[in-house]
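Reader: I'd like to go through this one label by label and hear what stands behind each. Can you take me through it?

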Amino acid sequence: MASQSHPYLNGDSNTHIPKKPKLSSLSSSFITEAEIQSEFSHHDSTIARINNGSFGCCPSSISNSQQHLQLQFLSQPDHFYFSHLKPGILRSRTLLQSLINAQHLDEISIVDNATTAAAIVLQNIAWSFAEGKFNQGDVAIMLHYAYGAVKKSIEAYLTRAGGHVIEVHLPFPVNSNEEIVFEFRKALEKGKENGRKVRLAVIDHITSMPTVVIPVKELVRICREEGVDQVFVDATHGIGCTDVDMQDIGADFYTSNLHKWFFCPPSIAFLYCRKSSQCLDLHHPVVTHEYGNGLAVESAWIGARDYSAQLVVPKVFEFVDRFEGGIEGIKKRNHENVVKMGQMLAKVWGTNLGCPPEMCASMIMVGLPACLGISSDLDTLKLRTHLRDKFGVEVPIYYRAPKDGEVDLVTGYARISYQVYNKVDDYHKFRDAINELVGDGFTCTLLRG
């Protein structure tokens, strides 16, 4: 069965359908529901785990392969290092190159996490300030909903080096891509005031909290038109959740975790660096004797550590091809199911979704009943813990502060995920837990103290 891409998954309603290579030849029979549940039987059966977005998932067959690799290393480390490690990582990089449609193999580096990738890019930007290539006060643009660790990395590297950061304040709930584009253009105009240069734009492909698919291709195009030096797309939730095509998106840097939605064990991510003279100055933050041999080589050896997550990638490709349509089929079904579950919950609670269905991928925001009295970030953390401890439901919650003059509105939104192991009962369990709280007259004030 040929793979099909889905335009909404890029956050662009008018994007073309990119041609994606098959991950590998499809097996003669697809994985059954019983086999799926067996692959994830290590999950705590008492918990409705509708939060794949936070930590991802790793099937038993993949974790078994990883443990085999770990034992191989422990049995004869020298032989493993000299004979298996480098060829194995090269194989993984080659598969990833095809998956994301990168032109050159040396554009692909494997790193621990998307936050590591962010540090690599931002460290390079900091050196550009330190060496006088950029002027003090030159600008970086980032989304207000950027991931917290990336915001801290920008503070640690760019702000400390003398850069100025402008945040793109996005509306929530969000109703259209046009709203995002409008706010992004406004931030760019502000960044260019008084003759300043916008040196970097950091754009999420899918924001974490609240979650929405960003029209990255259009924002990258705007950056090119407006003379932004470099564009870094933080796609922590990219691979396995939305369409990822480097030629189509056109960013300078792009990173995605592979343990979130692509079934790898933690912790593994890739960093794509479009081939250019700028990439020659990129280095891994951990310096070893491979320093200066290119980022991909530097990243492939950063001391005696566990590289099994990087080496098990070929097995993951085999796993996803057990599903009808491969990873494209998984993405499509996860999207359809999370929208269906989100709409069911919103209807029962008389609330709303955080964005239109076409602006989500495998996660969606669902408004919680206003009578729960969610009035702070602390309330969301305490309610999340209460749902876990009392009802066996694992789901993150977002606080949406009311604006001036707003009353009786939804201030709490749950971010629900859908992955192949999820069942309708998981969402019914969440529904029933909230209904019980509402029926008992519960409010978040009861958790304070």
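This is a predicted model: local features need pLDDT of at least 70, side-chain atom pairs count only at pLDDT 80 or more; totals for chains, interfaces and linings use all residues.

Reader: Let's start with the pocket. How do you know that the largest pocket lies between domain 1 and domain 2?

Author: Look at who supplies the lining. Domain 1 (79-319) and domain 2 (326-447) both give residues to it, so the pocket lies between them. Its volume is about 740 Å³. The lining has 31 residues, with Y147, G148, S208, M209 and R415 lying nearest the centre.

Reader: Which elements give two or more residues to that lining?

Author: Helix 2 (52-55), helix 5 (114-130), helix 6 (148-161), helix 14 (377-391) and strand 11 (397-399). Helix 14 gives the largest share, four residues. By class, you get 13 nonpolar, eleven polar and seven charged residues in the lining.

Reader: What does the UniProt record say about residues 91-276?

Author: The unreviewed UniProt entry annotates that stretch as "domain: Aminotransferase class V".

Reader: On to charges. What makes R322 and E39 a salt bridge?

Author: The cut-off is a side-chain nitrogen of Lys or Arg within 4 Å of a carboxyl oxygen of Asp or Glu. For R322 and E39 the N to O distance is 2.7 Å, so the pair qualifies under the 4 Å rule. This one links distant parts of the chain, 283 residues apart: R322 sits in the loop between helix 12 (313-320) and helix 13 (326-349), and E39 in helix 1 (residues 33-39). By this rule the count comes to 25 salt bridges.

Reader: And why is E39 called buried, and R322 partly exposed?

Author: Buried means under 20% relative accessible area, and exposed means over 50%. E39 has 7%, so it counts as buried. R322 has 26%, so it falls in the partly exposed range.

Reader: What makes D229 and R199 a salt bridge?

Author: Their closest N and O atoms are 2.7 Å apart, and the rule asks for within 4 Å. The partners are 30 residues apart, with D229 in the loop between helix 8 (216-225) and strand 6 (230-234) and R199 in strand 5 (residues 198-204). R199 is at 12%, so it is buried, while D229 is at 28% and counts as partly exposed.

Reader: How do you know that D248 and K217 meet in a salt bridge?

Author: Same test. The N to O distance is 3.6 Å, and the cut-off is within 4 Å, so the pair counts. D248 is in helix 9 (residues 246-249) and K217 in helix 8, 31 residues apart. D248, at 11%, counts as buried, whereas K217, at 22%, is partly exposed.

Reader: Last one: why is A401 called partly exposed?

Author: Its relative accessible area is 43%. Exposed needs over 50% and buried needs under 20%, so A401 lands in between and is partly exposed. A401 is in the loop between strand 11 and strand 12 (412-417). Its C-alpha atom is separated by 7.6 Å from that of S376, 25 residues apart along the chain.

Methods
Residues are numbered from 1 along each chain as its sequence is written. Side-chain values use heavy atoms; hydrogens and water are left out. On a 1 Å grid over the protein atoms alone, a cavity is a set of points where a 1.4 Å probe fits but cannot get out, and a pocket is an open set with protein on both sides within 12 Å along at least five of seven lines; lining residues have an atom within 4 Å of a point. Grid points are joined across faces, edges and corners, and a volume is the space filled by probe spheres set on the points. Ala, Val, Leu, Ile, Met, Phe, Trp, Tyr, Cys and Pro count as nonpolar, Asp, Glu, Lys and Arg as charged, and the others, Gly among them, as polar. Domain bounds come from an automatic or database domain assignment. UniProt positions are given in the numbering used here, feature names are shortened, and annotations may be inferred rather than shown by experiment. Buried means under 20% relative accessible area, exposed over 50%, partly exposed in between (1.4 Å probe, protein chains only).
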